Amino acid sequence: VRHDGQKPFALLEPQHLMTRRDDMKDRPEAANGMIKALRQVFDVAVEYRLHDRNPAALVKYVENYSEGHKAWDAKDIEAFENCHPVGSTARLAMSLALNTGQRRGDLIALGQKHVKVQNGRKGLEFTQEKNGRRKPVTLWVPMTEELQDVLASSDIGDKTFIQTAFGRPFSSDGFGNRFRKWCDEAGLQGLSIHGLRKSAAARLAENGCTEQEIMAITGHITSKEVIHYTRSSKQKV
């Protein structure tokens with residue numbers, strides 16, 4: 001580990017960042033995150049004429065072959081549902097994730113105020129938390145009958161559908177930890193709430209949705225990830 005935070009930034013060269021990046025190859029996401037952050041920092045420095053170039057812009061990202069969060073399969077979903085019946089907060093959380101395809105930061109914020117009717121059909125209208133300040137993505141996601149039935153049978157909160165045992169909205173970390181415990185109770189290891197986002201996209205692909213239609217629901221800006229889900233579903237046919 002290098003402790004060189006006090007060195008003049010004007011002396012930073014691309015080769016220095018490459019060395020630091022290569023030291024982190026066992027953690028590709030962290031390595032790429034470091035390069036991305038430095039690109040943004042030096043962009044500001046160049047804009048305000050504190051520096052004349054962006055050395056991080058010349059450094060390539062690490063190839064990341066990880067599949068990331070594991071998608072849930074039908075048996076995983078069945079095991080979770082058998083452990084957590086309709087009416088429980090755990091089942092409500094899963095139903096929201098699987099039927100909307102959203103990230104946990106958006107799931108914990110969804111509430112009755114987001115329910116909107118379009119062309120006679122109920123849906124959830126909201127702006128995604130990710131990139132909300134720079135490139136906000138506002139979605140209207142149709143509510144499936146399954147989700148409506150689960151909501152009708154659940155003790156939902158005044159501000160948010162999902163609430164803690166104390167009747168308050170979850171924090172992102174708190175919800176992640178709680179969902180991990182719900183998975184443990186169902187005997188499920190190596191799965192996360194984000195994996196349901198993948199499963200939701202795959203389910204849409206299996207039901208014949210196009211990449212653009214899936215993106216309109218999940219809020220993906222590019223089709224890179226969605227294409228992967230689509231290919232996986234086609235391989236099952």
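## Salt bridges

A search through the whole structure, which is a predicted model, turns up nine salt bridges. The cut-off here is a side-chain nitrogen of Lys or Arg within 4 Å of a carboxyl oxygen of Asp or Glu. One of them pairs K25 with D22, with N to O at 3.8 Å. D22 is partly exposed, at a relative accessible area of 33%. For the accessibility labels, buried is under 20% relative accessible area, exposed is over 50%, and partly exposed is in between, with a 1.4 Å probe and protein chains only.

Another salt bridge links R91 and E81, whose closest N and O atoms are 4.0 Å apart. R91 sits in helix 4 (residues 89–100) and E81 in helix 3, so this pair ties together parts that are ten residues apart in sequence. Helices and strands here are DSSP runs numbered from the N terminus: H or I with at least four residues for helices, E with at least two for strands. R91 counts as buried at 14% relative accessibility, while E81 is partly exposed with a relative accessible area of 23%.

Then there's D173 with R104, where the closest N and O atoms are 3.5 Å apart. D173 belongs to helix 7 (residues 172–185) and R104 to helix 5 (residues 104–107), so the pair ties together parts that are 69 residues apart in sequence. D173 counts as exposed at 54% relative accessibility, and R104 as partly exposed at 31%. There's also a network: E13, D52 and R53 are joined by salt bridges that share partners.

## Ground rules

Residue numbers start from 1 along each chain as its sequence is written, and side-chain values use heavy atoms, with hydrogens and water left out. As for confidence in the predicted model, local features need pLDDT of at least 70 and side-chain atom pairs count only at pLDDT 80 or more, whereas totals for chains, interfaces and linings use all residues.

Three strands make up an open sheet, in the order 1-2-3, with antiparallel pairing. Strand 1 (115–118) and strand 3 (138–142) are the edges, each pairing on one side only. On average, neighbouring strands are turned by 40° against each other, direction ignored. Those angles are taken between N-to-C directions and run from 0 to 180 degrees, with axes as lines fitted to C-alpha atoms.

How many bridges join strand 2 to strand 3? Five do, with strand 2 covering residues 121–127 and the two strands running antiparallel. Two strands count as paired if DSSP finds at least two bridges between them. Looking at a particular spot, G123 has P142 in strand 3 as its bridge partner.

Helix 2 spans residues 28–47 and contains N32. At 15% relative accessibility, N32 counts as buried. Leaving aside residues up to four places away in sequence, N32 touches Y61 and V62, where contact means heavy atoms within 4.5 Å.

V44 is in helix 2 as well, but V44 counts as partly exposed, at 43% relative accessibility. Together with F9, Y48 and L50, V44 makes a nonpolar surface patch of about 450 Å². Patch members need over 30% relative accessible area and no salt bridge; nonpolar side chains (Val, Leu, Ile, Met, Phe, Trp, Tyr) are joined within 5 Å, and like charges within 9 Å. The areas come from the Shrake-Rupley method with a 1.4 Å probe, and for residues only the protein chains shown count as cover.

## Positive phi in two loops

Most residues other than glycine have a negative phi. R49 has a positive one, about 60°, although it is not a glycine. R49 is found in the loop between helix 2 and helix 3 (74–83) and counts as exposed at 79% relative accessibility.

N119 is another non-glycine residue with a positive phi, this time about 50°. The loop between strand 1 and strand 2 is where N119 is found. N119 counts as exposed at 84% relative accessibility.

## Out in helix 8

Which helix holds A202? That's helix 8, made of residues 193–206. At 14% relative accessibility, A202 counts as buried.
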